[in-house]
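This briefing is meant for a reader who is meeting the structure for the first time. Please look over the sequence and the model, and then follow the points below, which are grouped by topic.

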Amino acid sequence: MNQVTLTINGRQITVDEGTTILEAAKKLNIHIPTLCYFKLHDDRTINDPGSCRVCVVEVEGRRNLAPSCSTPVAEGMNVNTSSIRAIKARRSVVELLLSDHPHECLLCEKNLNCELQSLAAELGVRELPYQGKKATYEIDNSSYSIIRDMEKCVYCRRCETMCNEVQQIGVLSGVYRGFNSVVAPAFNLPMAETNCTFCGQCVSVCPTASLTEVHYIPDVWNAINAEGKHVVVQTAPAVRVA
Ligand code: FES
């Protein structure tokens, strides 16, 4: 395979042709934040739609910032991963995502384990400058094991890659367009009415609490199930009876 030599933050590195800037930076132990990008441990499955733009970097001679996760290296490339412009752009991206995200971190299942929350901290987001319309969706708690809360979806599409390419179930995919874009079962069917096998792999790769597991408390379940009701109890203090 052909080799390519480039410079990242003043340090030279030679990598295989086709390597992305993100991968090359990792070899130099240079951290670039990511959100939609996801690579399974087996290295074969990569989710890199280049959609979130959290990983943008400055490339000398290019007018636009480049998403490092999906931009291949080039001979002689000179990359700056921590320019003021790149950092400001990343922060704006996270601020925009948060402008259409529920602000209930303390009550959220993923509190302190949420990638969006971590990014906001890492990028120094201290206020939410963008206010406006928010997309609203019904919580889907139709299944006995997975809760879908699409108001927390950041449209990274990791769940879609996991469901389709890895598990080969094909339940989740992008639906709607523009502001209402979201990942959901076809025709936005409730999970309980799909072919979902409830393997839970989509939950394991979701960066936020858009997809979470149902946690049963057996006594509560048994007591209320005796009345024929479906009870979902989350670790967060939310008890839902439907
Ligand atoms: Fe690169 Fe989302 S992580 S565009």
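What volume does the largest cavity have? In this predicted model, the volume of the largest cavity is about 110 Å³. The points that follow begin with the cavities and then turn to the sheet, the nonpolar cores and some local features.

**Cavities**
- Three cavities of 30 Å³ or more are counted, and among the 16 residues lining the largest cavity, Cys153, Cys159, Cys206, Ser210 and Leu211 are the closest to its centre.
- The lining of the largest cavity is made up of 11 nonpolar, two polar and three charged residues.
- The second largest cavity, with a volume of about 90 Å³, has a lining of 14 residues, and Cys163, Ile169, Cys196, Cys199 and Cys202 are those that lie nearest its centre.
- Helix H4 and helix H5 (201-205) are the elements that give two or more residues to the lining of the second largest cavity, and this lining divides into 10 nonpolar, four polar and no charged residues.

**Sheet**
- An open sheet with mixed pairing is formed by five strands, which follow the order S2-S1-S7-S5-S6, and its edge strands, each pairing on one side only, are S2 (11-16) and S6 (66-67).
- Strand S1 (residues 3-8) pairs in the parallel sense with strand S7 (residues 78-80) over two bridges, and Val79 in S7 is the bridge partner of Ile8.

**Nonpolar cores**
- The largest nonpolar core has 21 residues, and Leu6, Ile8, Ile21, Val59, Val73 and Val79 are those with the most contacts inside it.
- Two or more residues of this core come from each of S1, S2, helix H1 (21-27) and strand S5 (56-59), with H1 giving the largest share, four residues.
- Another core, of 18 residues, lies apart from the largest one and includes Tyr137, Val171, Val175 and Val203.
- Leaving aside residues up to four places away in sequence, Val73 touches Val4, Leu6, Val15, Asp16, Thr19, Thr20, Ile21 and Ala24.

**Local features**
- In helix H4 (residues 158-166), the residues Arg158, Cys159, Glu160, Thr161, Met162 and Cys163 are buried, and after H4 comes Gln168, which has a positive phi, near 55 degrees.
- His101 is placed in the loop between helix H2 (84-99) and helix H3 (115-122), and His101 counts as buried because its relative accessible area is 8%, where buried means under 20%.
- Beyond residues up to four places away in sequence, His101 touches Leu116, Lys134, Glu151, Lys152 and Thr208.

Notes: Residues numbered from 1 in each chain as written. Predicted model: local features only at pLDDT ≥ 70, side-chain atom pairs only at ≥ 80, totals over all residues. Heavy atoms only, no water. Pairing = 2+ DSSP bridges. Buried < 20%, exposed > 50% of the residue type's maximum accessible area, 1.4 Å probe, protein only. Contact = heavy atoms within 4.5 Å. Core = buried A, V, L, I, M, F, W, Y, C linked by side-chain atoms within 4.5 Å. 1 Å grid on protein atoms, 1.4 Å probe; cavity = no way out; pocket = protein on both sides within 12 Å on 5 of 7 lines; lining within 4 Å. Points joined across faces, edges and corners; volume = space filled by probe spheres on them. Nonpolar A, V, L, I, M, F, W, Y, C, P; charged D, E, K, R; others polar.
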